[in-house]
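Visitor: I would enjoy a short tour of this model, with some questions along the way. Could we begin once it is on screen?

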Amino acid sequence: MSEHVGRHDHEDEETADVVVIGGGGAGLAAAVTAAEEGARVLLFESESELGGSTQLSAGLFTAAATSVQRGTGVEDSAERFYQHYMDLNQWMLEPGLVRAFCENAGPTLEWLIGLGAGFPARTSTNAHMPGLTRAGVEDVWRAHVPADQGLGLVQVLAAACRRLGVETVLNTRVRHLLFEDGRVRGVVADGVTVRANAVVVATGGLAQDPELLKEYYPDALEAGEHAFVVAAPGSRGDHLRFAEQVGASVTGAGWGLRMPTVYFQRQHHWQSGFPPLSRVYVNGAGRRFMDEDASYAVSTGIIDAQGGSAWCVFDDRARASLPAGYADWTPERVTEEADAGRTLRADTLEELAALMGVPEAALLTTVRTWNSQLPNGRDPDFLRHLTLRGKGAQADPEPLDTAPYYAARVLPAEIVCTHAGLEIDSAAAVRDRTGTAVPGLFAAGEAGAGVLGPRYVGGGNAVANALTMGRIAGRGAAGARRGTARPTRPVA
């Protein structure tokens with residue numbers, strides 16, 4: 001242990017002011033904030049490197065009333081963000097907690113900029129271009145894209161940890177909380193007891209544990225053999241095991257984020273690639289039913305309403321237009337899948353309809369209508385031309401008229417994050433089953449439930465939750481060291 005973590009009276013015990021469990025975005029934000037408040041911080045990470053799921057993400061951060069928005073001419077407020085957020089989630093979330101998140105997300109973004117994160121005040125057309133972009137189902141643009149994606153945010157926070165003297169211990173999984181006389185007083189990690197005034201649980205979600213998925217997010221398993229997880233390896237649900245140890249309340253069961261993908265995809269789309277621009281999604285009746293580029297915040301629900309899957313129909317020109325270098329969406333991979341009979345292929349749309357088991361007349365009408373509209377820059381039914389324009393598309397899609405034709409199943413198979421976790425209040429303090437705050441225990445990110453709800457608001461929702469509530473948790477944990485009163489609503 002470093003000089004910032006003291007030796008206790010007993011040989012197998014250490015002491016710290018604050019222990020943080022988990023070194024992803026939430027844990028790093030908590031550790032940096034607690035250290036800024038003067039606390040001696042010890043951070044445990046179960047894996048071999050810091051970063052968690054934040055490091056694997058695009059790093060988008062949703063926030064309101066920021067300098068980036070003002071620099072790009074976007075007028076916004078925390079109050080407007082809060083109203084939109086609650087309305088999308090049908091007011092099924094605790095208003096005070098969500099209000100605290102919405103009020104603190106903007107200041108957290110400014111804090112990150114102060115630490116060295118790059119969020120330029122310019123318009124971005126995609127999740128790879130630093131700046132302000134359209135993402136999710138926002139009423140105004142709130143998705144802030146950082147330089148160097150999620151990895152860039154982790155690097156900035158890790159550097160701040162080093163500068164502030166946070167002690168980080170890798171490859172160490174905390175198995176138990178010290179719970180004495182109704183208060184959390186530290187942790188046990190690899191047989192070593194570390195006593196502390198406060199503990200922050202930031203262990204991520206539960207997506208990597210199939211049994212916990214079955215119990216807390218069964219919808220994620222509906223994709224069957226096609227389901228795959230893009231969350232960090234440490235997302236094993238440790239926060240739920242801690243809940244059992246201290247009698248904490250768990251909330252958010254049944255909620256999470258699944259993204260629609262083609263059946264043969266097995267990695268995040270940064271690695272797998274993207275479907276062709278020229279494509280139409282068709283339901284079991286042979287009809288188009290959605291904007292093919294609808295935000296993942298809502299597209300899963302739309303496909304679920306069609307029976308849980310749909311057909312992605314495209315032609316050979318679209319197949320040949322796929323760029324090389326990706327793992328799945330490439331011309332060669334589509335051909336391989338068609339040769340194996342897993343992706344349907346036919347010389348005519350009539351033959352394709354028969355293979356799909358959809359009405360021939362409906363599919364012919366669907367493709368004919370699509371060809372008359374999208375290649376001409378209009379889509380009166382689903383307004384995809386506006387979505388494409390918002391994403392900076394330089395050209396309209398090509399018509400679907402070049403044989404052979406293909407149909408591949410699309411379904412919500414990519415498991416991104418889970419929302420079941422320790423119930424927290426607006427100060428990120430963990431509640432017990434009576435609704436009372438557990439002294440000395442805080443949580444943030446996927447481990448701290450209540451901000452991510454039934455509707456994933458969109459680009460940057462999870463990262464903003466992790467870092468914003470991590471910062472609040474770190475402040476609360478440092479306050480426990482000083483014995484200061486816990487505010488009902490944190491002040492940024």
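Visitor: Is R288 buried or exposed?
Guide: Happy to start there, and please keep in mind that this is a predicted model. The relative accessible area of R288 is 13%. Buried means under 20%, so R288 counts as buried.

Visitor: Which residues are joined into one network with R288 and D379?
Guide: Here the salt bridges share partners, and that is what links them into one network. Besides R288 and D379, the network holds R279, E292, D293 and R384.

Visitor: How far apart in space are F289 and N197?
Guide: F289 is found in the loop between β14 (280-282) and α10 (296-304). With a relative accessible area of 12%, F289 is buried. In sequence, F289 and N197 are 92 residues apart, and their C-alpha to C-alpha distance is 55 Å.

Visitor: Which strands does the salt bridge between R195 and E180 tie together?
Guide: The closest N and O atoms of R195 and E180 are 3.1 Å apart. R195 is partly exposed at 24% relative accessible area, and E180 is partly exposed at 27%. The two residues are 15 apart in sequence, and the strands they tie together are β10 (residues 192-201) for R195 and β8 (residues 174-180) for E180.

Visitor: What separates E211 and K214 along helix α7?
Guide: Their side chains meet in a salt bridge at 3.7 Å, N to O. E211 is exposed, with a relative accessible area of 52%, while K214 is partly exposed at 49%. Being 3 residues apart in helix α7 (residues 210-216), they are separated by about one helical turn.

Visitor: Which residues form the negative surface patch?
Guide: One member, E351, belongs to helix α13 (residues 349-356). E351 has 42% relative accessibility and counts as partly exposed. The patch is formed by D347, E350, E351 and E360.

Visitor: Which feature does UniProt place at residues 17-463?
Guide: The span is 32% helix and 21% strand, and its end C-alpha atoms lie 26 Å apart. The unreviewed UniProt entry names the feature "domain: FAD-dependent oxidoreductase 2 FAD-binding".

Notes
Residues numbered from 1 in each chain as written. Predicted model: local features only at pLDDT ≥ 70, side-chain atom pairs only at ≥ 80, totals over all residues. Heavy atoms only, no water. Patch = residues over 30% accessible without salt bridge, like charges linked within 9 Å, V, L, I, M, F, W, Y side chains within 5 Å. Areas by Shrake-Rupley, 256 points an atom, 1.4 Å probe, with all protein chains shown as cover. Salt bridge = Lys/Arg side-chain N within 4 Å of Asp/Glu carboxyl O. Lys, Arg positive; Asp, Glu negative; His and termini not counted. Charge placed at Lys NZ, Arg CZ, Asp CG, Glu CD. Helix = DSSP H or I, 4+ residues; strand = E, 2+ residues; numbered from the N terminus. Buried < 20%, exposed > 50% of the residue type's maximum accessible area, 1.4 Å probe, protein only. UniProt positions renumbered as here; feature names shortened; annotations may be inferred.
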